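Please look over the sequence and the model below before reading on.

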Amino acid sequence: MTFSAPEENTLGVVVGNARRAVGKTARRLGRATAHRASLGTAFLGLGAAILVALRAVYGASWFIGLWGRGTYTQPLAALSAWIVLGAVIVGAIVTSRVIGDRLPDWMFGLFLTGLLVAVALDLIAVWEFHDIGGYATAALAAGMTLLIVVTVRGSSEILIAAGVLGAGLAAMIFLDTPASDQITADWIAPQITAVAAAVLPAVIGVAIVESFRRMVQVELDRVLVQSTVSAPRYAVGMLASEELARLDLAAEELLESIASKKTALPLAPKMASIAASLATELRLHLIEGRRETWLYHAVSESEMLGKAVTLVDKSSLAGLLDPIQRDGLLAAAWLLVGDTVTSNSSRTVTVQVGPVAPGETPVPEHKILIPITITTTGVARNRVDPSIWDALGRVGHYSDHTQDSSLRVDIECLVDNPADV
Amino acid sequence: MDLITKERDRLLQRTARVYGLSFTIVALLCFVLPGAVSSTALIISLPLFLVLGIAQFRMGVSRSALWLGLSLAAGLAIVVVAGTVGARPSQAGFTALVELAAASLAASALVLTSSGPRIAVLVVVFVVIGATLLLLTGDLQAPLRTAGIYVLGWVLPALIAIWISAGVPQVAKRIASIGRAHRAERQASELEAQRRQGARLLHDTVLATLTLLAHSGVGVTPEALRQQAGDDAKLLRQLRLGTNPTQNGTNGEAVGTATSPIQVIDEPVLGTTLESVKQRFGRMGLQVSWHGTGQVLLPSDILDAFLLALAECLENVRRHSGVTEAHVTITEDSKMVRALVTDSGVGFDITDIDEAKLGFTESVVARLRDVGGNARLFSAPGSGTTVVLEVPRGDVQTEEAAQ
């Protein structure tokens with residue numbers, strides 16, 4: 001009997017890293033939440049559609065005014081521009097309402113082509129006035145029409161379309177300049193506002209939808225992680241059991257194939273290494289849940305907390321906190337991290353739980369005192385959300401200081417002594 | 001305050017920033033056109049535009065009234081300066097002022113609809129800026145038309161803000177229900193994981209077999225290995241199909257003879273399970289001799305930990321000691337059940353086993369401590385190894401845990 005390299009050791013695990021499995025879990029959750037990010041945007045889309053319809057009515061009334069005064073020398077072009085635009089708007093509103101999710105590429109292409117045709121026809125109609133900003137109607141309303149699809153297509157696509165439209169209009173205005181003595185500030189100003197009126201609604205719409213999606217994402221992340229508050233003292237975390245089931249099944253299949261002689265003995269080196277890695281992963285998963293607390297899972301499953309929070313909890317003491325304390329601690333971490341996630345990524349939070357120092361402070365019977373220290377970087381004391389103090393108060397008696405010009409909080413958290421339960 | 005309310009305010013602030021800054025730029029572009037306003041007014045207004053831009057940018061991240069007030073004050077000052085200082089603004093200048101008052105400044109309506117006091121502020125601001133604009137530019141365009149554009153310019157962002165605010169509770173509700181489903185899912189997965197992790201005996205034998213396979217079955221006949229693999233596969237299948245075979249012994253025969261495979265015994269008899277461990281190691285070429293108490297009653301979780309630790313020790317003997325025989329002596333007193341696992345193999349120097357010790361601590365000691373027990377290891381090179389495992393008997397478990 002020989003000692004082989006201890007990559008696989010019956011005495012227990014010496015290889016591997018539990019983070020691997022956790023990372024996988026987090027990624028899967030991330031995918032799930034990304035899919036759900038479309039939550040609630042249908043309502044925004046409805047608002048956008050109403051705005052577009054109102055804008056079209058407004059634009060059309062200008063068109064009718066110009067038509068009525070007999071301004072157009074090519075009235076058919078102007079009229080067909082509005083017919084095309086009207087058809088595109090109605091079609092797009094109906095389609096996006098019915099489909100509700102993501103507009104197929106070919107439909108989006110059709111939509112853009114329709115807009116292009118409307119813009120071109122309208123520009124043809126007003127070309128000889130040499131004042132696109134003053135006379136264009138359908139061409140300007142076309143820019144806002146992009147809002148209809150702002151919730152069912154990617155933001156960058158909308159921005160690119162709006163940009164192309166703006167650049168195209170600017171180019172046409174440049175090509176269609178009147179005699180040089182007529183180019184005055186009073187001629188330029190309407191051109192600027194016309195391009196702005198065509199481009200800005202889409203830009204603002206994209207900004208709103210992006211922010212809304214981010215809000216939904218953050219809230220989902222928070223709510224999903226919130227479920228750890230009611231987890232038992234030690235937990236295996238979401239999907240880890242699925243992983244365990246998968247490993248069990250893989251082991252079962254391997255053993256079954258050996259028992260039924262489908263796999264020859266002794267095992268080929270490749271199969272042997274599969275068995276070894278199966279055993280290793282299985283061991284990892286069997287001991288995993290016995291070490292990790294709800295807080296560990298909350299931090300590792302959350303996209304936002306995971307990025308900024310470091311957890312130091314060697315004795316897994318966080319598991320002893322009751323649901324109210326957990327809720328408070330989680331809310332505090334959330335408020336510290338959540339405030340400036342995009343604008344300041346240098347913000348970090350370290351939560352250290354324990355170690356318990358017995359006998360320093362008198363504590364009630366059947367209780368133990370767990371010191372929790374929250375150290376941060378890049379969080380100014382006067383910049384934190386005031387509701388954090390309320391959240392910290394739910395965890396326990398706390399005191400706050402400034403350390404290296406960043407907030408530091410020490411909490412004395414009183415929990416039930418596990419030995420007395 | 002609700003966290004989603006905060007997020008909503010942040011959303012509105014960011015929108016106000018984009019909205020306001022966009023139209024500030026448009027207004028500025030028209031404003032600097034030659035002849036739009038008098039040059040004195042232009043020189044005075046340019047810094048004001050800078051202040052306006054900075055304030056609107058800050059409004060995107062700060063809820064402080066300072067930036068809001070600053071942006072409105074700067075915007076109003078531009079209107080006043082352009083309307084009163086020097087020559088009258090041209091049509092271009094007037095366009096700039098309308099863009100400023102009816103669009104850029106109107107962006108503040110986005111952040112002024114969320115509460116009663118804010119709406120009051122909104123109304124005041126709306127009236128003051130509108131009155132100033134109409135008063136100073138009445139000669140440039142029919143006031144009624146200007147007023148129409150102005151009102152439209154302020155109503156639009158206010159409606160956007162109200163629309164978004166109305167959408168947020170809907171989303172919050174749906175997210176909350178997703179959260180509830182997720183909590184249920186988490187609990188279910190936790191239970192499932194506990195069930196699987198709880199099947200420790202089963203996993204112990206599966207792991208032992210897998211490890212054997214990983215080492216190409218050193219020292220075991222293919223037939224024995226096949227039988228072992230078949231037994232383990234059967235147990236895993238039972239686990240998968242929802243029965244917990246833990247208490248039914250670790251070999252296929254025990255399952256076969258039991259009246260029902262789902263049978264759960266609260267206090268299983270140690271003896272029958274010990275026998276199955278012995279059989280398993282027998283098949284793998286390690287003769288285990290039992291001594292001492294044959295029948296001990298233990299609660300199932302303690303029994304699991306105990307047997308698991310025992311099996312780990314025997315597996316170490318089988319793999320590392322170099323002998324094919326091990327002795328297990330079970331003793332009990334009123335509080336504890338102890339097992340002495342002894343072999344007369346090569347032994348080792350305890351200080352040499354850092355790495356292995358980690359595994360020993362993790363798999364044997366930790367599991368025993370979980371149930372209030374302990375393990376101790378004695379060995380020296382050439383003189384065999386002895387491991388003492390002890391677990392509390394169920395009735396005194398709580399006292400043990402408290403110590």
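Two residues are said to be in contact if their C-beta atoms, placed from the backbone, lie within 7 Å. Residues are numbered from 1 along each chain as its sequence is written, while chains are lettered from A and ligands numbered from 1 in the order in which they are written. This is a predicted model, in which local features need pLDDT of at least 70 and side-chain atom pairs count only at pLDDT 80 or more, whereas totals for chains, interfaces and linings use all residues.

**The two chains**

In chain A, residues 24 or more positions apart account for 79% of the contacts with a separation of 6 or more. In chain B, 72% of the contacts between residues at least 6 apart in sequence join residues at least 24 apart. Helices (H or I, at least four residues) and strands (E, at least two) are DSSP runs, numbered from the N terminus. Chain A has 14 helices and five strands, and chain B has 13 helices and five strands. A residue is buried if 20 or more other C-beta atoms lie within 10 Å of its own, exposed if 12 or fewer, and partly exposed in between. Buried residues make up 46% of the 421 residues in chain A and 47% of the 403 residues in chain B.

**Helix pairs in chain A**

Axes are lines fitted to C-alpha atoms, for helices over the stretch in contact, and angles run from 0 to 180 degrees between N-to-C directions. Angles under 35 degrees count as roughly parallel, over 145 as roughly antiparallel, 65 to 115 as roughly perpendicular and the rest as oblique.

| Helix pair | Angle | Axes |
|---|---|---|
| H2(A) and H8(A) | about 165 degrees | 11 Å apart |
| H3(A) and H6(A) | about 10 degrees | 10 Å apart |
| H4(A) and H6(A) | roughly 160 degrees | within 8 Å |

H3(A) and H6(A) are therefore roughly parallel to each other; here Ala81(A), Trp82(A), Leu85(A), Val88(A) and Ile89(A) in H3(A) meet Ala138(A), Ala141(A), Ala142(A) and Thr145(A) in H6(A). Their contact has eight nonpolar, one polar and no charged residues, where Ala, Val, Leu, Ile, Met, Phe, Trp, Tyr, Cys and Pro count as nonpolar, Asp, Glu, Lys and Arg as charged, and the others, Gly among them, as polar.

The angle between H4(A) and H6(A) makes them roughly antiparallel, and the residues of H4(A) in this contact include Leu115(A) and Ala118(A). Leaving aside its neighbours within four places in sequence, Ala118(A) is in contact with Ala81(A), Val84(A), Leu85(A), Val88(A), Ala138(A) and Ala142(A).

**Nonpolar cores**

A nonpolar core is a set of buried Ala, Val, Leu, Ile, Met, Phe, Trp, Tyr and Cys residues joined through C-beta atoms within 7 Å. The largest has 172 residues, and those with the most contacts inside it are Leu85(A), Ala118(A), Ala142(A), Ala333(A), Cys30(B) and Ala101(B). H8(A) supplies the largest share of this core, 25 residues. A second, separate core of 63 residues includes Leu244(A), Leu286(A), Ala208(B) and Leu225(B).

**Where the chains meet**

Across the interface, 81 residues of chain B are in contact with 80 residues of chain A. The largest share of the side of chain B that touches chain A, 20 residues, comes from H6(B). By class, this side of chain B has 38 nonpolar, 24 polar and 19 charged residues.
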